[in-house]
Amino acid sequence: SKYNTEQTIRIFDNILYGNYKFLYLSPEKLQSELIQEKIAQLKVNLIAIDEAHCISQWGHDFRPAYLKVDILQKIHPKTNTIALTASATPKVMLDIIEYLNLKEALVYKKSFYRKNISIRLIQTENTLEQLKYLLFKINESVIVYTNTRKSCINISNYLNHQGFKSTFYHGGLSFNNKTESQASWISQNNQIIVATNAFGMGIDKSNVRAVIHMNIPNSIENYMQEFGRAGRDGVLSFAYLIYNKSTIYESETYLKKGVASTSFHKKVYQKLNDNFQISVGEFQEKTYPFNLQDFCSKYELPILKTFSVINNLELENIIEINHNFNKRSSLKIIVSNKILLEYQKRNSKLVNLIKIILRNYGGTFEQVISINESVIAKKLNTLSSTNYSKVNIINLLNQLKKDKIIIYNEASNNSDIKFLVPREDTYVINNISKNIEKKNSTKIDKHNSIIEYVNNNKVCRNIQLLRYFGEKNIKKCKTCDVCRAENYESNKNNYQLIAKDIISLFDTIDHFSSNEIINELNYDKDQIFKTLELLLEKKSLRLTSQNKFKKVE
């Protein structure tokens, strides 16, 4: 939240004269001279810099404001400083020590190795079938990560149709829906939560048996942070990454969409100023209403790349945006499918609108879903000769609300944008060009590192990951997919014998559950599961909708 001067003074008076032990402050907020003045009046026993990897331009979440947090040491030079991070490479650690001027720094570093987490990468064309099989085998608390809100909803719906208990979580849900989804998963009402990377911070559920990635994470740091949410109770747990050539291609495409060049930063910065009719050299301390979707539509800018630029401009203290600028309208269908069909027969002008909503926003019967009226208007125009605008869509949705077909909450306000420097199109962006180039270079390097990791099925997964973080003298884990493949090669004849005996079972009975197969055959349980995985991959067996194995004829 952004506080005015009066609120800030009141807060610090409460800290100074009240019984408070901790002050949490963002590095961006720390840049305020008033806040620095107020901190100088406090008795500070310890300066703790959390997420300290953000101080390094080689870190996976670099934020320029972190470069200025050393102001705390200047204000309180005799106070001890501690820097904390769970994802620093050796290069990043050196940056943290240098930028925070930590003289004679003591480095406490624990190995990243989690001996109770077995890492498995599975390459398969049918990713959903593989997911279903894994969940059937695990049957305990699971996080499934995916990279888009749409796939998050679609996968959760698919799992529910397959008989699993699943909920979903992404950044577009309302606060109440986020809380509800999270609570239903933590309380075990839902075994599975399908989520984007918006989920996980602050979650400390100890009995997560598996974290399953359905896409390639942005970096090895993110990947380890996310699968590290499994097995915090010390019990054997699994980190699965299900992928194929399409998954890797999508990851590369997503990267290209998110990497914005210096010239594109200039373009967006110019259009922002043009949009509010700010002339070169002009500077006014005022805020302007701002809507990202409308802005991108007006100037025909790609939304993901533009979003990245606006984030960078805010991090570089060129603009300031309130953090509601992501706020979106929401709706939920509150009638049954049967009543909705009857309503469409009586209201033909709303049929295409309802089709667009059902086709593009899954889960609208179950939860309140964030929507974008501008996007709906564009899609509706492809189905109709009428040229619908955002205002038209809002009016139609309000009609559905009035008829008690949906709950509809229109976004209550635009964002506020404030320019912090005078308009100088070339100078302003050139001044941050090195940061832009370094950030893009780091993003590409990190993407290449995780693609290399995914493609390397010759070296133990744990050895690859720990080497990335500078650890040496590492032994093979013996439990990852690479180590298991080596074990398979040395026991190949045994697996072939198990496969032959499994297939022979289907001569008498049409389908078996995994437990029934285990009871029928006198082999090690893990070897049977491994063989079943291989038979599924080779399409010798398939899973039925009842999660039973059936021979492929």
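Is Asn-395 buried, partly exposed or exposed? I began with this residue, and at 47% relative accessibility Asn-395 counts as partly exposed, where buried means under 20% relative accessible area, exposed means over 50% and partly exposed lies in between, with a 1.4 Å probe and protein chains only.

**Ground rules.** I noted that this is a predicted model in which local features need pLDDT of at least 70 and side-chain atom pairs count only at pLDDT 80 or more, while totals for chains, interfaces and linings use all residues. Residues are numbered from 1 along each chain as its sequence is written, and side-chain values use heavy atoms, with hydrogens and water left out.

**Asn-395, continued.** I placed Asn-395 in helix α16, residues 390-402; helices (H or I, at least four residues) and strands (E, at least two) are DSSP runs, numbered from the N terminus. I also looked up the pair Asn-395 and Glu-316, which are 79 residues apart in sequence and 39 Å apart in space, C-alpha to C-alpha.

**Whole chain.** I found 23 helices and 17 strands in the protein chain. Its radius of gyration is 27 Å, close to the 24 Å that the globule rule gives for 553 residues, so the chain is as compact as a globular protein of that length; the radius is taken over C-alpha atoms, and the rule is 2.2 Å times the number of residues to the power 0.38. The C-alpha trace spans about 85 × 75 × 50 Å along its principal axes, and 47% of the 553 residues count as buried. Among contacts (heavy atoms within 4.5 Å) with a separation of 6 or more, I read that 73% come from residues 24 or more positions apart.

**Ile-155.** I located Ile-155 in helix α6, residues 149-161, and at 10% relative accessibility Ile-155 counts as buried. Leaving aside residues up to four places away in sequence, Ile-155 touches Leu-128, Leu-131, Thr-146, Val-194 and Met-214. Ile-155 and Ala-195 are 40 residues apart in sequence and 9.6 Å apart in space, C-alpha to C-alpha.

**Helices α1 and α2.** I saw that the axes of α1 (residues 5-17) and α2 (residues 33-40) come within 11 Å and cross at roughly 15°, the axes being lines fitted to C-alpha atoms over the stretch in contact, with angles from 0 to 180 degrees between N-to-C directions. The two helices are therefore roughly parallel to each other, since angles under 35 degrees count as roughly parallel, over 145 as roughly antiparallel, 65 to 115 as roughly perpendicular and the rest as oblique. The contact is made by Thr-5, Thr-8, Ile-9, Phe-12 and Asp-13 of α1 and by Leu-34, Ile-35, Lys-38 and Ile-39 of α2.

**Helices α11 and α12.** I noted that α11 (residues 292-299) and α12 (residues 303-315) pack at an angle of about 120°, with their axes 10 Å apart. On the α11 side the contact is made by Leu-292, Gln-293, Phe-295 and Cys-296, and on the α12 side by Ile-303, Thr-306, Phe-307 and Ile-310.

**Two asparagines in loops.** I found Asn-101 in the loop between α4 (90-99) and β3 (117-123), with phi near 50°, a positive value in a residue other than glycine. Asn-547 also has a positive phi, of about 60°, although it is not a glycine, and its place is in the loop between β16 (541-543) and β17 (549-551). At 9% relative accessibility, Asn-547 counts as buried.
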